[in-house]
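Me: Could you go through the structure below with me, please?

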Amino acid sequence: MRRVHPGVAAARGSTGETESSAAPRAAGPASSRAAGSAPARAPGEERVLTSVAAGERYLAQEGAESKGGQPVDVPRLWHVTLSVSGEEAPLKEVRRALEQLAHDHPFLLTSRYAGDHAEIRYWEEARDLHDAAAVALRLWGEHRQTAGLPPWEIVGLEVIDRQTYHQRIAEGYGPAPATPVGVHPY
């Protein structure tokens, strides 16, 4: 992910001008467009980018970074539990498919399975919870053909940060640590 700071050109070939400093455009066919439409550009005319003033949150984060704080876009670890289920499938095929998924997805910690459902647990590195959840929701579908996974649907998803995972373990009410690692029947 590329971060652009205020005042830095956002695109190659940018002239650095803002809408307020841009020369007025000639009236023409574009003036007959409906209100709210973007004005037409002459052939070869570049689109002018405008900037938005940085908000308080951005300024506070920038201040923390300049004082040696951790950059905001640093990925974090998220513990993911993905539950899937569907029609009964032969146990040998389910096990083989989950073992192939573990091979294809190296961060897979453990899988538990039965003939009609499975649970996959792993660590995902992502910028935030939304990114980790998006990857998790694509995992089963994207690997369905390559790993030979059953045509089951995702029926559950839990994504928690590393601190919450370890806090739950310490308090004795979270998911048991993922040991033994591997693919196991329920």
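Me: Which residue is the bridge partner of V84 in strand 4?
Reply: The bridge partner of V84 there is I154. This is a predicted model, where local features need pLDDT of at least 70, side-chain atom pairs count only at pLDDT 80 or more, and totals for chains, interfaces and linings use all residues. Residues are numbered from 1 along each chain as its sequence is written, and side-chain values use heavy atoms, leaving out hydrogens and water.

Me: In what sense do strand 1 and strand 4 pair?
Reply: Strand 1 (residues 76-85) pairs with strand 4 in the antiparallel sense, over eight bridges. Pairing requires at least two bridges found by DSSP; strands are DSSP runs of E with at least two residues, helices runs of H or I with at least four, numbered from the N terminus.

Me: What is the strand order in the sheet?
Reply: The order is 4-1-3-2-5, in an open sheet of five strands with mixed pairing. Strand 4 (153-161) and strand 5 (182-185) are the edge strands, each pairing on one side only.

Me: And which strands does helix 4 lie across?
Reply: Helix 4 (residues 162-171) lies across strand 1, strand 3 and strand 4, and runs at about 90 degrees to strand 4.

Me: Changing topic: at what angle do helix 2 and helix 3 cross?
Reply: The axes of helix 2 (residues 91-104) and helix 3 cross at roughly 110 degrees and come within 10 Å. Axes are lines fitted to C-alpha atoms, for helices over the stretch in contact (heavy atoms within 4.5 Å), with angles from 0 to 180 degrees between N-to-C directions. Helix 2 is therefore roughly perpendicular to helix 3, a term for angles of 65 to 115 degrees.

Me: Which residues of helix 3 meet helix 2?
Reply: They are L139, W140, H143, T146 and A147, which meet R96, A97, L98, Q100, L101 and D104 of helix 2.

Notes:
Parallel < 35°, antiparallel > 145°, perpendicular 65-115°, else oblique.
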